Amino acid sequence: MYTDSNVPKIKAGDFSSLIQMIKKLINDTNPAVSQAAVKVCGSLSGGLRKDFEPYVKELMPILIQKFKEKRPGFADDIF
């Protein structure tokens, strides 16, 4: 369904408001919402490539916390 090779390059810009929304959605109590937010984060990082670097410091602590959860399939979406 989601493949890394099908992500088009995204023009660099200010995505800080989108990253803030993704951070909130990753911490959502609904597992489907948080899992979809992780997938969006992955697609955004694939599209921005090196331009995603400034946002990694904000997202990594949250993703590491979510990685510790035992829900099946969630860890696959993080990587």
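Q: Where is M60 found?
A: M60 is in helix α3, residues 53–67. Helices are DSSP runs of H or I with at least four residues, strands are runs of E with at least two, and both are numbered from the N terminus.

Q: And what kind of model is this?
A: It's a predicted model: local features need pLDDT of at least 70, side-chain atom pairs count only at pLDDT 80 or more, and totals for chains, interfaces and linings use all residues. Residues are numbered from 1 along each chain as its sequence is written, and side-chain values use heavy atoms, with hydrogens and water left out.

Q: OK, back to M60: what does M60 count as, at 38% relative accessibility?
A: Partly exposed. Buried means under 20% relative accessible area, exposed means over 50%, and partly exposed is in between, with a 1.4 Å probe and protein chains only.

Q: Which residues form a nonpolar patch on the surface?
A: V56, M60 and I64, with about 230 Å² of accessible area together. Areas come from the Shrake-Rupley method with a 1.4 Å probe, and for residues only the protein chains shown count as cover. Patch residues have over 30% relative accessible area and no salt bridge; like charges are joined within 9 Å, and nonpolar side chains (Val, Leu, Ile, Met, Phe, Trp, Tyr) within 5 Å. A salt bridge is a side-chain nitrogen of Lys or Arg within 4 Å of a carboxyl oxygen of Asp or Glu.

Q: Which residues are buried in α1?
A: I19, I22 and I26, in the helix that spans residues 16–26. They sit on the same side of α1, because they cover an arc of only 60° around the axis. That arc is taken from the directions from the helix axis to the C-beta atoms.

Q: What's exposed on the other side of α1?
A: S17 and K24.

Q: And what covers the buried residues of α1?
A: The cover includes α2 (31–48) and α3.

Q: Speaking of α2, is S34 buried or exposed?
A: S34, which is in α2, is buried, with a relative accessible area of 0%. The S34 side chain reaches the backbone oxygen of P31 at 3.1 Å. S34 and I22 are 12 residues apart along the chain, with 8.6 Å between their C-alpha atoms.

Q: What does G47 touch?
A: V7, P8, K9 and I10, leaving out residues up to four places away in sequence. Contact here means heavy atoms within 4.5 Å. From G47 to K11 is 8.2 Å, C-alpha to C-alpha, with the two 36 residues apart in sequence.

Q: New topic: which residue has a positive phi although it is not a glycine?
A: R49, at about 55°. Most residues other than glycine have a negative phi. R49 is in the loop between α2 and α3, and counts as partly exposed at 42% relative accessibility.

Key. A polar contact is a pair of N or O atoms within 3.5 Å; within protein, one must be able to donate a hydrogen and the other to accept it, and residues adjacent in sequence count only if both atoms are side-chain atoms.
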